[in-house]
Amino acid sequence: MPRTRLPPILRIAVARPKSGAAFGEPQGMTMLRILTGFFSLLLLSCLDSPALAADKFCPQRETILAFSDIVLADTAGLPPAVTDKYGAEAAYLKIRYTPLADQETRDLLSTLLQRNLKAVAVNDLVAAWYIHSMGYKRLRDALGVEEFDRTVSYLGISGIRALLLQEGGADILMKRFAVVPFHTAIEMNSAFNNGHGVVTASIIDQPDEFKEKIVQAADAHGLPVIAGYVAASENNPRAWDAFVARGTSTESPGLMRMRANFVRAVVGHPKLDRAPNERDTHYDMLMARALQPEESFLSHLYVLTDLDAEPIDPIAQKLTQQIRSGAIRRNGTMDAGWLFGYREAIDVFGQSKLVPALQKRTYYGRRYVRSSDALTIQDVIDRMLAVEALQPYVTGKIDAVPPLPDDVSDKMRADWPRWTEMAGKVRNGGASPILAADPATFGIVTELLFAKADQEALRAFVRRAPTGEARISVANDFAIRLDRACASYLYYPTEAGTLDGQSIFKFDTE
C-alpha cells in the first residue's frame, strides 16, 4: 500500500485562503512540506493564469460535481488520517468540469493544501495546475532559481508531466535530476517508482517525436537510465536499438535489457531476446495488466502463493484479446476486466482453490465503504458479481429476483438475502435515508442505485447519509467512476501497469 515519505526540508507557510473559501481551514498550522509551502505562497500572489475550459456536459456531470463537493466539504474537521486520503481527485474533477474563475481555483487549491498537509496527491495536483496554467518560467521568476530548483526535485508524476510538456521543460528537469536524484514521494512495489520510471510513465501517451526529445535531454545531462526507459517506451520498437547503439549507458547489457523489458511490456512490445515458443508468465501478465482500466486483477492473481503462476498465461492472453477487441473498454471502470479475469481463473484453478486464496489478499484500492473488517479481493469480486446479477432486476428488465450467482464466496451467500432486500427497495424507489446510517446497507444501496443509473436518487441518498468517512469514500468513489462515463479525465493509458493506484492529473487533454 502506498506510504507517504516526507522531504527533509520544511518551511513556514504564510498563505491563507481568502475569506469565504469554500470549505474552511484548520487552525494552528505552521509547518508544511517544502512543496506545500511553495505553492501556498503562490496562491496569494497577484500572478494571473488562464482559466481552463470546462465544456464537458454529459448526464453524469451534475453528480460528479455534487459528489466532489461532498468530499471537499466533509473532510473539514476530520483527522489527518482521513483527510490525507481524499480531496485531490475531487478538486481535480471540480476544476475540469466547472468553468471556475482563476481566483476560485486558487482559493480551492489553497484551502485543500492547508487541510491536507501531507497528502502527496494534493501537492501533485497543485504543482501540475500551476505549471500548466502559468508556465514554469513565470514560476521560476516568482520564486527565484534556487527555490524553484529545490521544488523541481520533489515534483510528483503530474507536475513532471506538466513541466516536460512545456518548451525547455525537459532540459530543466534533467539538469536538476543530474545534480539531485529524484525523490519519490510514494513508495510502492512498481518498476515505475523511481526517477526513470516516473518520467517515462508521465509521458507514456506522447508521440515518439516528443519522447525522443526527452531521450536526448536525458542523454545530454548524463542520465542514460532515464534515456533508456523512455526510448524503450516509444511506439517504434527499434528506438531501443538506436539508444543501445549510441553507447551512452555504462550498465551491463543484462540490466539494460531487464529495465527495457519492464517498459516494453507496458507498451505492448515483444520481450527482448525471447526465445521462440518461450513462455514468460510474468511478461505476459505485465502486458495484460497495462491494458486494464483502473486496477489490475491479474496482479493480485499473480502474487498469490497458493496458486501456480504458469496457468495465468492463457488468462492474461484472453484478457488482452478482450480489451484489444473493445469488449472491455480501456477507459472504463475495472469491473468488466476483473469479472472476466475471475471467471477465467475459476476455470483454470477451480473455485475451491481460488476463492480461499483471494480471501487472504487485502484490497487497498479506493472502492467501497470500509468497515472494521478488512476488505479482501474476494469481497470486491463478490460485490461486482452481486451488482451484475441484480442490475436487470433493479432496472426493471426482469420481474423476478435473480438467483444467487454461482461463483460467489460463502460470505456473499450468507449476505445475499440482504442484497436482494435492498434491491427490492431500489427497484421500487423506496431506499429510506435510514439505510444510509448503516455502512453495510449504505454501501449496498449506493451500488445498486449506481447500477440502476438513477443518478438523482443516488445523489439524494448520499446527501442524506451521516457526515463522515463512509459518505466521503462513497462520494469520492462514484465521482471517479462517473468520470469514466463522461470525459474520462482520470483515465490514463497503461494506468494499471504504471500508476499503481495513484492518479495523474492532466490539464493538457481535452
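Me: Why is Cys486 called partly exposed in this predicted model?
Reply: Its relative accessibility comes out at 22%. Buried needs under 20% and exposed needs over 50%.

Me: Where is Cys486, and how far is it from Arg61 in sequence and in space?
Reply: Look in the loop between α25 and α26 for Cys486. Along the sequence, Cys486 and Arg61 are 425 residues apart, yet from C-alpha to C-alpha the distance is 7.4 Å.

Me: Thr494 is in the loop between α25 and α26 too. What makes it buried?
Reply: Thr494 has a relative accessibility of 6%. Buried means under 20%, so Thr494 counts as buried.

Me: And what makes Ala453 exposed?
Reply: Ala453, in the loop between α23 and α24, reaches 58% relative accessibility. The cut-off for exposed is over 50%, so Ala453 passes.

Me: How do you know that the buried residues of α20 line one face of the helix?
Reply: Start with the list: in α20, residues 351–359, the buried ones are Leu354, Val355, Ala357 and Leu358. Look down the axis of α20 and these residues fall within an arc of 165°, so they line one face.

Me: Helix α21 holds Asp382. Why is Asp382 called buried?
Reply: Its relative accessible area is 3%. That is under 20%, so Asp382 is buried.

Me: Which residues does Asp382 touch, leaving aside neighbours within four places in sequence?
Reply: Val408, Ser409 and Met412. What makes each of these a contact is heavy atoms within 4.5 Å. Pro405 is 23 residues from Asp382 in sequence, with 9.1 Å between their C-alpha atoms.

Me: What does α21 do for the largest nonpolar core?
Reply: That core has 149 residues, and Leu164, Met174, Val199 and Leu301 touch the most other members. Helix α21 gives the most to this core, with 11 residues. As for Met174, once neighbours within four places in sequence are set aside, its contacts include Leu164, Val199, Ile214 and His221.

Me: What makes the largest cavity a cavity?
Reply: A 1.4 Å probe fits inside a cavity but cannot get out. About 60 Å³ of space lies in the largest one, and the structure holds 5 cavities of 30 Å³ or more.

Me: Which residues line the largest cavity?
Reply: Among them are Pro224, Tyr229, Trp240, Phe243, Glu251 and Arg259. Helix α13 gives the most to the lining, with 4 residues. By class, the lining has 7 nonpolar, 2 polar and 2 charged residues.

Me: And what makes the second largest pocket a pocket?
Reply: A pocket is an open set of points, with protein on both sides along at least five of seven lines.

Me: What else is in contact with Asp335?
Reply: Leaving aside neighbours within four places in sequence, Asp335 touches Arg367 and Met384. Asp335 itself is in helix α19.

Me: How many helices and strands does the whole chain have, and what share of residues is buried?
Reply: The protein chain has 26 helices and 4 strands. Of its 510 residues, 56% are buried.

Definitions and conventions: Residues numbered from 1 in each chain as written. Predicted model: local features only at pLDDT ≥ 70, side-chain atom pairs only at ≥ 80, totals over all residues. Heavy atoms only, no water. Helix = DSSP H or I, 4+ residues; strand = E, 2+ residues; numbered from the N terminus. Buried < 20%, exposed > 50% of the residue type's maximum accessible area, 1.4 Å probe, protein only. Arc of directions from axis to C-beta. 1 Å grid on protein atoms, 1.4 Å probe; cavity = no way out; pocket = protein on both sides within 12 Å on 5 of 7 lines; lining within 4 Å. Points joined across faces, edges and corners; volume = space filled by probe spheres on them. Nonpolar A, V, L, I, M, F, W, Y, C, P; charged D, E, K, R; others polar. Core = buried A, V, L, I, M, F, W, Y, C linked by side-chain atoms within 4.5 Å.
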